[in-house]
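Here is a short briefing on selected local features of one protein model. Please keep the sequence and the 3D view open while reading.

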Amino acid sequence: MAKNPQRVAVVTGGTRGIGEAISLALKDAGYTVAAVYAGNDERARSFTAASGITTFKWDVSSFDDCKTGMEKIAAQLGPVDIIVNNAGITRDATMKKMNRSGWDEVLDTNLGGCFNMCKAAWDGMLERGFGRIVNIGSINGQAGQYGQVNYAAAKSGIHGFTKALSQEGAAKGITVNAIAPGYIDTDMVAAVPPDVLEKIVARIPVKRLGKANEIARGVLFLVADDAGFITGSTISINGGQHMY
Ligand code: CAA
């Protein structure tokens, strides 16, 4: 895979879980990485101390914060060529118990964040004739999941967003792809009630949770300079749980 160390990559939710693995894999491959995080300062500090990766703090659900944050990254590290929209939250509840704020927070962060980040970088990518955008969707956006109408809608939206934006970028050197992870061994999945999680894992043909670096592997593949013919695609990395 062709790599270009000059390229600057921004990973949202980049200091923990899947995002952390993506940030580290990109750095190891020679990219200049900026990891964006929303709240956990202590984790961000230990992440930077261990990896040397610069972190930036803002909430991706804020359009204005994405704009100013991305300008700051460009000023500090150089023009942004690669965005990995990984930041995501859950507010799981059945429809009966879900309130409007649980819907809004998940849609605004998981899907709105994707728009805000792409919008902030899009004009620059068009001007330079190069861009790589990877959106982290989910098996639950493909197949649905009990207790996740908000999350499934947002992640399903990400898959539609990816297919639409890829058509706008295709002739301009910008690829837009998605990865749909299955159940990965992260804090987010650890929050699923143990009895529910046990049943989910029993249905995964590979018979285990995925590892965060198994998602990062897919990201590296998609952001490479010579991946220019891959656009509008979704790579499912889910241990065979859902074949889409
Ligand atoms: N299918 C059918 N029925 C289900 C069900 C399922 N998958 N899950 C729960 N139920 C039923 C229960 O049996 C129960 O039925 P009864 O009332 O008839 O006994 C009823 O729904 C309520 O279940 P709970 O007691 O669990 O209700 P709760 O309100 O405490 O919690 C829940 C509901 C929030 C959905 C909880 O079950 C839960 O957290 N489930 C896991 C959801 C999940 O998988 N989230 C993924 C998070 S990780 C992630 O999102 C990353 C990714 O991309 C993969």
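Predicted model: local features only at pLDDT ≥ 70, side-chain atom pairs only at ≥ 80, totals over all residues.

Residues are numbered from 1 along each chain as its sequence is written, and side-chain values use heavy atoms, with hydrogens and water left out.

**Helix 3**

- Helix 3 spans residues 63-77, 15 residues in all, and reaches 21 Å from its first C-alpha to its last. That is close to the expected 21 Å, where the expected span is 1.5 Å times one less than the number of residues.
- Helices (H or I, at least four residues) and strands (E, at least two) are DSSP runs, numbered from the N terminus.
- Cys66, Gly69, Met70 and Ile73 of helix 3 are buried. Buried means under 20% relative accessible area, exposed over 50%, and partly exposed in between (1.4 Å probe, protein chains only).
- An α-helix has 3.6 residues a turn, so residues three or four places apart point the same way.
- The face turned away from the buried side of helix 3 carries the exposed residues Asp64, Lys72 and Ala75.
- The buried residues of helix 3 pack against strand 1 (8-12), strand 2 (32-37), strand 3 (54-57), strand 4 (80-85) and helix 4 (100-128). Contact means heavy atoms within 4.5 Å.

**Helix 1 and helix 2**

- Helix 1 (residues 17-28) and helix 2 (residues 41-51) pack at about 20°, with axes 12 Å apart.
- Helix 1 and helix 2 are therefore roughly parallel (angles under 35 degrees; over 145 is roughly antiparallel, 65 to 115 roughly perpendicular, the rest oblique).
- Glu20, Ser23, Leu24 and Lys27 of helix 1 meet Arg43, Phe47 and Ser51 of helix 2 in this contact.

**Asn85**

- Asn85 lies in strand 4 and is buried, at 5% relative accessible area.
- Asn85 and Ile136 are 51 residues apart in sequence, yet 5.9 Å apart in space, C-alpha to C-alpha.

**Lys207**

- Lys207 sits in the loop between helix 8 (194-202) and helix 9 (212-223).
- Lys207 counts as exposed, at 56% relative accessibility.
- Phi of Lys207 is positive, near 70°. Most residues other than glycine have a negative phi.

How values were computed:
Axes fitted to C-alpha atoms, helices over the stretch in contact; angles between N-to-C directions.
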